[in-house]
Amino acid sequence: VSNVYPTAPLRALDAAHHLHPFSDMKSLNAEGSRVIVRAKGCWLEDSDGNRILDGMAGLWCVNVGHGRPEIAEAVAAQMGELSYYNTFFKTTHPPVIKLAGMLADLAPPAFNHVFFTGSGSESNDTVMRMVRTYWQTLEKPEKTVIIARKNAYHGSTMAGASLGGMAPMHKQGGLPIPGIHHIAQPYWFDEGGDLSPAEFGLKAAQELEAAIDEIGEDKVAAFIAEPVQGAGGVIIPPETYWPEIARICKEREILLVADEVICGFGRLGKWFGSEHFGIEPDLMPIAKGLSSGYLPIGGVMVADRIADVLVNATGDFNHGFTYSGHPVACAAAIANLTILRDEKIVERVADDIGPYLQKKWAALAGHPLVGEARMIGLMGALELVPSSPARRRFAGDAGRAGTICRDFSFRNGLVMRAVRDSMIISPPLVITHAEADELVRLTEKTLDDTHAELTRQGMM
Ligand SMILES: Cc1ncc(COP(=O)(O)O)c(CNc2cccc(C(=O)O)c2)c1O
């Protein structure tokens, strides 16, 4: 018999003692948090027994679906053999060695080394110190500036949040830290104006060239970007964007960092999102789908031309974490990657379930509330507008429609993420055709409920 979790007392204790991430605690405590008690495949169950379709795979991370026993068994076995030892001071252990080898096999040929961390934020902090150390080793210590994008998300540590381009985060804590410069994001729906997507893609990319010239190539260390911005709202760049970025990085002596924390491990139908766009990065921060969220683990994939310098010339790279390469987290990641590989889940996103859901998702553009429906691999967005198909936003505070829609979604038994007035999905990669149909049905119902409510409130 599974445990019984009484909602009210749990909510009260949560409100009394637990500070949640990215939350307005006063309003959360007034409303009461939703207690998720178990999950299997694509489905969550809360303490009231409601089954909820996890359209967000947790936080973009549960790629193999919830509750795979193979991962739990691998974790229990490792926990019983070596529950912790570190990889500092000339020690290592079998799980971290095996995982590093698996990642080298699965990554593009140029990537044969990985530095392990405990999260995506720590991976981007590592990236910042790695690229600066690389240039220092090459006697170019002036090359320290990192260029990133507005509305990007690279984590919540001082460096991660500073590399990210989210103003509400920068306002808290005096961010960004020095040495980071943000350029435009390739968000055609909001910022493309009268330009075609192709023209806008080039324009957004050429801001990188302008920034390098403004700062001085001898001061710029790297450019960091998500192949597709996730938390920023599934910003799928126009076709012309990445080839132009790649050209600029090749012509100018700066490193290219592709943040694969969301786009990696099958989210776009390839092992790494960079491969979908033909990008050849120098570094790839990873986390999330690496372990499908079963245990916290992240890392940085390092291309040979960087690794060669770090290994053979830098000497001590004075950086790392207690849990870098944690043996039990590595065991979870190994079991997770084995499932992804052996069940051909990545190929199925590219060839089967991705196209299947993309087609149904695109049809949602016919809804009066939807200004644009876009999806790549298994991450999609709907732009909510007052008069479809105009690219015009709701009057009043941005995000109100999105919040109303997100609440209806949960009430209808589907988790969608609201980013301002866009609705996001990023389901487990193992979602079946039937579950994809159900996801679309629940989305349509949610859009209808939202449309009725916004009309009632005079917002339509
Ligand atoms: C591209 C990218 N890079 C780095 C991070 C940071 O990873 P950690 O959280 O493990 O430190 C992320 C994380 N992305 C993330 C994390 C939490 C919430 C949401 C959301 O969309 O609500 C997105 C991310 O999406």
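Where is the place of Asn-151? Asn-151 sits in the loop between strand S5 (145-149) and helix H7 (158-163). The legends below describe close-up views of a predicted model.

**View 1. Asn-151 has a positive phi.** Phi of Asn-151 is near 65°. That value is positive, in a residue other than glycine. Most residues other than glycine have a negative phi. Asn-151 counts as buried because its relative accessibility is 12%, and buried means under 20%.

**View 2. Ala-57 also has a positive phi.** Ala-57 is not a glycine, yet its phi is positive, about 45°. Ala-57 lies in helix H3 (residues 57-60). Is Ala-57 buried or exposed? Its relative accessibility is 0%, so Ala-57 counts as buried.

**View 3. A cis peptide bond joins Leu-175 and Pro-176.** Omega here is about 0°. Most peptide bonds are trans. Pro-176 is in the loop between helix H8 (167-170) and strand S6 (180-183).

**View 4. Helices H5 and H14 pack against each other.** H5 covers residues 94-106, and H14 covers residues 327-342. Their axes are 8 Å apart, at an angle of about 35°. The crossing is left-handed. On the H5 side, the contact includes Leu-99, Met-102 and Leu-103. On the H14 side, it includes Ala-333, Ile-334 and Leu-337. What kinds of residues make up the contact of H5 with H14? There are 12 nonpolar residues, 1 polar and 2 charged.

**View 5. The largest nonpolar core has 67 residues.** Six members touch the most other members: Leu-99, Leu-103, Phe-265, Leu-290, Leu-337 and Trp-361. H14 gives the most to this core, with 10 residues. A second, separate core has 34 residues, including Ile-52, Val-220, Trp-242 and Cys-249. Now look at Leu-290. Leaving aside neighbours within four places in sequence, its contacts include Leu-99, Leu-103, Phe-265 and Leu-337. Leu-290 also meets Ile-297, Gly-298, Ala-333 and Asn-336.

**View 6. Arg-267 is a buried residue in a loop.** The loop runs between strand S8 (255-258) and helix H12 (273-277). Arg-267 counts as buried because its relative accessibility is 0%. Which backbone oxygen does the side chain of Arg-267 reach? That of Leu-378, at 2.7 Å. A polar contact of 3.1 Å also joins the side chains of Arg-267 and Ser-426. Arg-267 and Ser-426 are 159 residues apart in sequence, but 8.1 Å apart in space, C-alpha to C-alpha.

**View 7. Glu-244 and Gln-206 are joined through their side chains.** Their polar contact is 3.1 Å. Glu-244 is in helix H11 (residues 241-251). Glu-244 counts as buried because its relative accessibility is 11%. Not counting residues up to four places away in sequence, Glu-244 touches Leu-202, Ala-205 and Gln-206.

**View 8. Arg-400 is partly exposed.** Its relative accessible area is 35%. Arg-400 is found in helix H16 (residues 400-411). The side chain of Arg-400 makes a polar contact of 2.3 Å with the side chain of Gln-457. Leaving aside neighbours within four places in sequence, Arg-400 is in contact with Asp-421, Gln-457 and Met-459. How far apart are Arg-400 and Gly-49 in space? They are 29 Å apart, C-alpha to C-alpha, and 351 residues apart in sequence.

Methods
Residues are numbered from 1 along each chain as its sequence is written. This is a predicted model: local features need pLDDT of at least 70, side-chain atom pairs count only at pLDDT 80 or more; totals for chains, interfaces and linings use all residues. Side-chain values use heavy atoms; hydrogens and water are left out. Axes are lines fitted to C-alpha atoms, for helices over the stretch in contact, and angles run from 0 to 180 degrees between N-to-C directions. Helices (H or I, at least four residues) and strands (E, at least two) are DSSP runs, numbered from the N terminus. A crossing is left-handed if the near helix is turned anticlockwise from the far one by less than a right angle, and right-handed if clockwise. Contact means heavy atoms within 4.5 Å. Ala, Val, Leu, Ile, Met, Phe, Trp, Tyr, Cys and Pro count as nonpolar, Asp, Glu, Lys and Arg as charged, and the others, Gly among them, as polar. A nonpolar core is a set of buried Ala, Val, Leu, Ile, Met, Phe, Trp, Tyr and Cys residues joined through side-chain atoms within 4.5 Å. Buried means under 20% relative accessible area, exposed over 50%, partly exposed in between (1.4 Å probe, protein chains only). A polar contact is a pair of N or O atoms within 3.5 Å; within protein, one must be able to donate a hydrogen and the other to accept it, and residues adjacent in sequence count only if both atoms are side-chain atoms.
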